[in-house]
Every structure is written in structure tokens, then in C-alpha cells.
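Dear colleague,

Please find the structure below, with its sequence. A short account of the findings comes after it.

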Amino acid sequence: MLVSVGIYAVVGELASRHLNTDAKALYAISFASISLVGAIMVVRKTLVLQSEVELRQKPGHPVTIARWKTGYIVTYALCEALALFGLVLRIMGFALAQVWPYYAGSFVLLVLFWPRMPQARTS
């Protein structure tokens with residue numbers, strides 16, 4: 001998924017057009033992106049972090065592991081959507097200087113939320 005963010009940046013550069021861009025589109029996608037980051041935090045708190053707490057108490061519980069995996073998949077899909085917003089803006093004709101935060105944000109969030117299997121407490 002990290003590589004796909006780079007691919008989106010390259011495709012955006014190849015497919016970009018020099019059109020008259022509408023600032024309203026940039027504002028709308030910016031608002032959607034901020035909301036998306038909020039949704040990422042909610043998914044992590046409700047699915048991933050709660051599952052990690054339960055897995056520390058009951059390691060190997062299949063339902064909890066499935067919920068933990070689902071949380072990471074949804075988190076990564078939402079992080080990837082942020083890069084897709086950048087690609088859409090670039091194709092619409094926005095400058096790379098306006099679009100790179102979407103690519104960078106997606107990349108940083110994917111690295112930040114790298115999956116770690118919770119370990120049982122030994123104390």
C-alpha cells in the first residue's frame with residue numbers, strides 16, 4: 001500500500017491537466033480529508049485498540065483477532081483513500097504543491113499505523 005501512494009503520485013503527474021481549477025473542489029475535498037482522518041481515529045479506537053486490550057487478556061480469541069484484522073484493513077483503506085483524493089485533485093488540474101499533502105499524509109498514516117500484534121502482559 002505504501003508503494004501505491006507513490007504510484008498515485010506518478011499517475012497524477014502523467015494524467016494532470018492544466019485546467020482552470022475551482023477552489024470549491026479543493027475546499028470540499030479538504031473537508032472530506034479532515035473528516036476521513038477523524039474516521040480513521042474512530043475506527044482505530046473502536047476496532048483496533050479495543051481488540052488489542054481484549055487480546056492481551058485472552059490471546060488467540062478468534063473473534064477478537066478477526067475484529068482486530070478488520071480494524072486494520074478498514075484503517076488502511078481509509079488511509080489509501082486520502083492518497084486517492086490527492087490523485088483526483090491532481091487529475092482535476094491542481095498543482096503538485098496543493099496535492100502533495102494528501103500523498104504525504106496517506107504515507108505517514110500508513111507508516112504510523114503499521115500493524116503490531118498485541119503481546120500478552122507478563123506481569
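This is a predicted model: local features need pLDDT of at least 70, side-chain atom pairs count only at pLDDT 80 or more; totals for chains, interfaces and linings use all residues.

Residues are numbered from 1 along each chain as its sequence is written, and side-chain values use heavy atoms, leaving out hydrogens and water.

Helices are DSSP runs (H or I, at least four residues), numbered from the N terminus. Helix α2 comprises 35 residues (23-57); at 1.5 Å a residue it should span 51 Å, and its end C-alpha atoms lie 50 Å apart, which agrees. The expected span is 1.5 Å times one less than the number of residues. Helix α2 bends by about 35 degrees at R44, the bend being the angle between axes fitted to the seven residues ending there and the seven starting there.

Two salt bridges were counted (a side-chain nitrogen of Lys or Arg within 4 Å of a carboxyl oxygen of Asp or Glu). One joins R90 and E13 at 2.7 Å, N to O; R90 belongs to helix α3 and E13 to helix α1, 77 residues apart. R90 counts as buried because its relative accessibility is 9%, whereas E13, at 35%, is partly exposed. Buried means under 20% relative accessible area, exposed over 50%, and partly exposed in between (1.4 Å probe, protein chains only). The other pairs R67 with E54 at 2.9 Å, N to O, linking helix α3 to helix α2.

Finally, V3 lies in helix α1 (residues 2-15) and, at 61% relative accessibility, counts as exposed.

Kind regards

Conventions
Helices (H or I, at least four residues) and strands (E, at least two) are DSSP runs, numbered from the N terminus.
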